Amino acid sequence: MAQQRALPQSKETLLQSYNKRLKDDIKSIMDNFTEIIKTAKIEDETQVSRATQGEQDNYEMHVRAGESLMKLVSDLKQFLILNDFPSVNEAIDQRNQQLRALQDECDRKLTALRDEVSIDLYELEEEYYSSRYR
């Protein structure tokens, strides 16, 4: 029972972690856009190369923030797949029903085979004991 309580708590913690990562990634993207706009202002001609370098750095940060968001989406998908217990339970129940039906069919066939063998054995025993060659 204690394990049952720990599992939802860890799920809740994981979801809170995902939520925090999402907020951090979005904040990072917003900061990157702000920096891109700041570096777009050119005050004099010597600042062009510095602005170009700053813009390149900001684009790299933007790409990293986007990659971080993609990783978050991947983690969320994995979380959903691994923790989608209703669908997992449904699949297990379906497989259980299939196997029980197969077991019932095998039981019926074995019972019929046992009955046939029993009848044949009875007839053979009767033939043997009633024959004069015994």
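Predicted model: local features only at pLDDT ≥ 70, side-chain atom pairs only at ≥ 80, totals over all residues.
Residues count from 1 along each chain as its sequence is written, and side-chain values use heavy atoms, without hydrogens or water.

Q: Why is Arg114 called exposed?
A: Its relative accessibility is 54%. That value is over the exposed cut-off, so the label holds.

Q: What makes Arg114 and Asp115 a salt bridge?
A: Their side chains meet at 3.2 Å, N to O. The term asks for a side-chain nitrogen of Lys or Arg within 4 Å of a carboxyl oxygen of Asp or Glu, so the pair qualifies. Salt bridges with shared partners also join Arg21, Lys71 and Asp75 into one network.

Q: Why is Asp115 called partly exposed?
A: Asp115 has a relative accessible area of 35%. That falls between the buried and exposed limits, so the middle class applies.

Q: How many salt bridges does a search of the whole structure find?
A: The search finds five. Among them is Asp24 with Lys20, at 2.9 Å from N to O. Another is Glu105 with Lys109, at 3.1 Å.

Q: What separates Asp24 and Lys20 along helix H1?
A: They are four residues apart in H1 (residues 2–40), which means about one helical turn. Asp24 is partly exposed at 38% relative accessibility.

Q: How are Glu105 and Lys109 placed in helix H3?
A: Both lie in H3, four residues apart, about one turn of the helix. Glu105 is partly exposed at 33%, whereas Lys109 is exposed at 55%.

Q: Which elements does the chain hold?
A: It has three helices and zero strands. Their order from the N terminus is α-α-α. Both kinds are DSSP runs numbered from the N terminus: a helix is H or I, at least four residues, and a strand is E, at least two. Of the contacts with a separation of 6 or more, 74% link residues 24 or more positions apart.

Q: What makes Tyr128 and Tyr129 an edge-to-face pair?
A: A search of the whole structure finds one aromatic pair. The ring centres of Tyr128 and Tyr129 are 5.1 Å apart and the planes stand at 70°. Rings of Phe, Tyr and Trp (its six-membered ring) pair with centres within 6.5 Å; planes under 30 degrees apart are stacked, over 60 edge-to-face, the rest tilted. So the pair is edge-to-face. Tyr128 is partly exposed at 45%, and Tyr129 is exposed at 53%.

Q: Which residues form a nonpolar patch on the surface?
A: Leu110, Leu113 and Val117 form it, with about 290 Å² of accessible area together. Patch members have over 30% relative accessible area and no salt bridge; nonpolar side chains (Val, Leu, Ile, Met, Phe, Trp, Tyr) are joined within 5 Å, like charges within 9 Å. Leu110 belongs to helix H3 (residues 85–130). At 54% relative accessibility, Leu110 counts as exposed.

Notes:
Contact = heavy atoms within 4.5 Å. Areas by Shrake-Rupley, 256 points an atom, 1.4 Å probe, with all protein chains shown as cover. Buried < 20%, exposed > 50% of the residue type's maximum accessible area, 1.4 Å probe, protein only.
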